[in-house]
Structures are given as structure tokens and as C-alpha cells.
Amino acid sequence: MTDELEALRSEIDALDRQIVGLLNRRAALGLAAGKAKIQRGRPIPDVEREREVMVRVAMANDGPIPQDALLALYRQLIDTIKRLEEIEKSGSRKA
């Protein structure tokens, strides 16, 4: 393996660790928002807020990830957090 390839892979590995940390932080904030919704008697799904998030994500994307691929990743993230919120709401510990 070349030194350049090794350096690139090392940087990718470091970014992957950061991305995982950021995704978990994002999920924790989503769960906190879910708790706030539950305490106020609001439903967990918030279609308008989800739409706002997707628009902001699309506007922030300047590539090279294609828009549809990035939005699919975010849709999966939002769906996962909603599932976690539902699990927490039901009182189950298993995620």
C-alpha cells in the first residue's frame, strides 16, 4: 500500500469515527425533542419539521454526494430516530 493511500485511509477512518459520533449526537437530540413532544402531548411524527430538515439538508449539499442519495440517508436517519422515540415512549428498553 502506498503512503498516500495509507494516509487517505487513515483520514477516512478518523472521519468515520467523527461521523458516527455526530450521528449519535443527532439521535440523542432527536430523542430529547421526542421527550419534549411527549411531555406536551404532541404526536411524535412532525411532517412539517421533517420537511424543513430535508429542505435545509438539500440546500446545504454542495456535493459530491448526489442530492437523492443524501436525502435518502437523512430519511433513514429521521425514520430511525422516530423508531427510537416510539420505543422510548412505549417504555421499552430495547432499541
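The protein has three helices and zero strands, where helices are DSSP runs of H or I with at least four residues, strands are E runs of at least two, and both are numbered from the N terminus. Read from the N terminus on, the elements run α-α-α. With a radius of gyration of 17 Å, well over the 12 Å that the globule rule gives for 95 residues, the protein is more spread out than a compact globule. That radius is taken over C-alpha atoms, and the rule is 2.2 Å times the number of residues to the power 0.38.

A word on what you are looking at. This is a predicted model, in which local features need pLDDT of at least 70 and side-chain atom pairs count only at pLDDT 80 or more, while totals for chains, interfaces and linings use all residues. Residues are numbered from 1 along each chain as its sequence is written, and side-chain values use heavy atoms, with hydrogens and water left out.

Now for the overall dimensions. Along the principal axes, the C-alpha atoms fill a box of roughly 55 × 30 × 15 Å. Of the 95 residues, 18% are buried; buried means under 20% relative accessible area, exposed over 50%, and partly exposed in between, with a 1.4 Å probe and protein chains only.

Let's step inside. The largest nonpolar core has five residues in all: Val-53, Met-54, Val-57, Leu-70 and Ile-78. Helix H2 (47-60) and helix H3 (67-90) each supply at least two residues of this core, and H2 gives the most, with three. Such a core is a set of buried Ala, Val, Leu, Ile, Met, Phe, Trp, Tyr and Cys residues joined through side-chain atoms within 4.5 Å. In soluble globular proteins, nonpolar side chains tend to be buried together.

Leaving out residues up to four places away in sequence, Met-54 touches Leu-71, Tyr-74, Arg-75 and Ile-78, a contact being heavy atoms within 4.5 Å.

Follow H2 onward and you come to Ala-60, which is found in that helix. Ala-60 counts as exposed because its relative accessibility is 59%. The C-alpha atoms of Ala-60 and Glu-85 are separated by 26 Å, and the two residues are 25 residues apart along the chain.

The loop between H2 and H3 holds Pro-64. A cis peptide bond joins Gly-63 and Pro-64, with omega about 10°. For context, most peptide bonds are trans.
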